[in-house]
Amino acid sequence: MIDVIRSAYHNLGRKKGRTVLTILGITIGVASVILIGNISQCGSNALTNELDSLGLNGLSISCQTGSSVTLKDTDLNLVKNCDGVDQATPLLMQSTTVSARESETKALVWGIDTTASQIVSIQILYGRMFTSKDISTNANVCLVDESFSRNAYMRSNIIGKHVSVQCGGALEDFEVIGVIKTGSGLLQNMLGNYIPTFVYVPYTTMQTASGRSSFDQIAVKIDPSSDLDSTGKAIVATLNQNNGTTDTFVSNNLAEQKDGLDNILNIVTLILSAVGAISLLVASLSIMTVMLVSVSERTREIGIKKAIGAKRKDIMLEFMLEAIFISIFGCAVGIVLGYGISYAGASLFGITLGTRWDIFVLSIIFSLSTGTIFGVYPAIKASALKPVDALRME
């Protein structure tokens, strides 16, 4: 048995160029499948972090479109006192432009209060969060994200600087009291032309500028022990009862929307993995082609081995092992290459490398099994040669 293994390994070196090219085919197939899986996992993790940073891990309470009823302070207090509610904060939102010095950019202005940081993940890099005094005095202060700071002033820390915000139809001057980094920043970095700058102002300031006393939404953080859907229905029922309405208020389970995006990403990953599996299949077919050529080239050698006592199973095992060795070498190099590229890409974008272990294991099993299966026919053909016919071949 050891002699058969040694002989099979030695035979791979006879045609080194051909062997290397065959191994390369398996390598590319395995590396591509692993890359697809890792990219999918990194994308899923980044998407989850980004949506969590925007508060998309709880409930959003709003009014039906076209309804004459609006969310007010009394509604906010009702929501805060509902069972299962941990925190609730008012939200106002407006798409506008923000300018500083000679830089102007599209922005999404959020009106928030002091409790927003407990629901929406706001990481303060420089400065401070809003205080109760900022809220009560309708102060013209704001938080801007780091990317805006760098674009406008070529540095991150711009505390004390002033920006102009088109708010409520008028150009308002705001003092920057905080510079923030929202979530992982991956979407902002990769899709900067499509994802607007985020600017946060006191919700009372935004109400004053727009001449309104209502909110666009109420963001709700639910107790971990409570059910999101049940709590959402209870909040909606309470608000409808208090306002004397029916079906006016809406509760959106933002976690479900996030799960929907994850499902879409998983479907895309499955399709791309299938494409990678096809490349693996083609590479495995190349193993059969190479082994068939090898049988033709070594026909006389097979006849000699059989003439001096080699059994059919020995010849078959030798060729099977050659196919298995090619699959193992290609798979090993593909794993190293796939993870090497994945690590380099994750480091480049500053994200944590995610691994899809299911795709990793399946790619190994698929590559080894197909390599072995496609090596069976050449092995059977080699072992079936008669010594007399084989020795006649030149």
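**Exercise 1. Start with Arg128: find its relative accessible area and its class.**

*Solution.* Step 1: Arg128 comes out at 35% relative accessible area, so it is partly exposed. The classes are buried (under 20% relative accessible area), exposed (over 50%) and partly exposed in between, with a 1.4 Å probe and protein chains only.

Before going on: the model is predicted, so local features need pLDDT of at least 70 and side-chain atom pairs pLDDT 80 or more, while totals for chains, interfaces and linings use all residues. Residues are numbered from 1 along each chain as its sequence is written, and side-chain values use heavy atoms, leaving out hydrogens and water.

Step 1: look for the partner. Arg128 makes a salt bridge with Asp134, with 2.8 Å between the closest N and O atoms. A salt bridge here is a side-chain nitrogen of Lys or Arg within 4 Å of a carboxyl oxygen of Asp or Glu.

Step 2: check the other end. Asp134 has a relative accessible area of 8%, so it is buried.

**Exercise 2. Which residues of helix H8 are buried, and where do they sit around the axis?**

*Solution.* Step 1: get the helix. H8 covers residues 228-243, 16 residues in all, and spans 23 Å from its first C-alpha to its last, close to the expected 22 Å. That expectation is 1.5 Å times one less than the number of residues. Helices (H or I, at least four residues) and strands (E, at least two) are DSSP runs, numbered from the N terminus.

Step 1: list the buried residues: Thr231, Gly232, Ile235, Val236, Leu239 and Asn240. Down the axis they fall within an arc of 165 degrees, so they line one face of H8. The arc is taken from the directions from the helix axis to the C-beta atoms.

Step 2: see what that face packs against: strands E1 (59-63), E2 (85-100), E9 (217-222) and E10 (249-253), plus helix H3 (73-80).

Step 3: Lys233 has 63% relative accessibility. Its C-alpha is 8.7 Å from that of Val250, 17 residues away in sequence.

Step 4: after H8 comes Gly244, with a positive phi near 65 degrees.

**Exercise 3. Zoom out: how many helices and strands are there, and what share of residues is buried?**

*Solution.* Step 1: expect 13 helices and 10 strands.

Step 1: of the 394 residues, 43% are buried.

Terms used:
Contact means heavy atoms within 4.5 Å.
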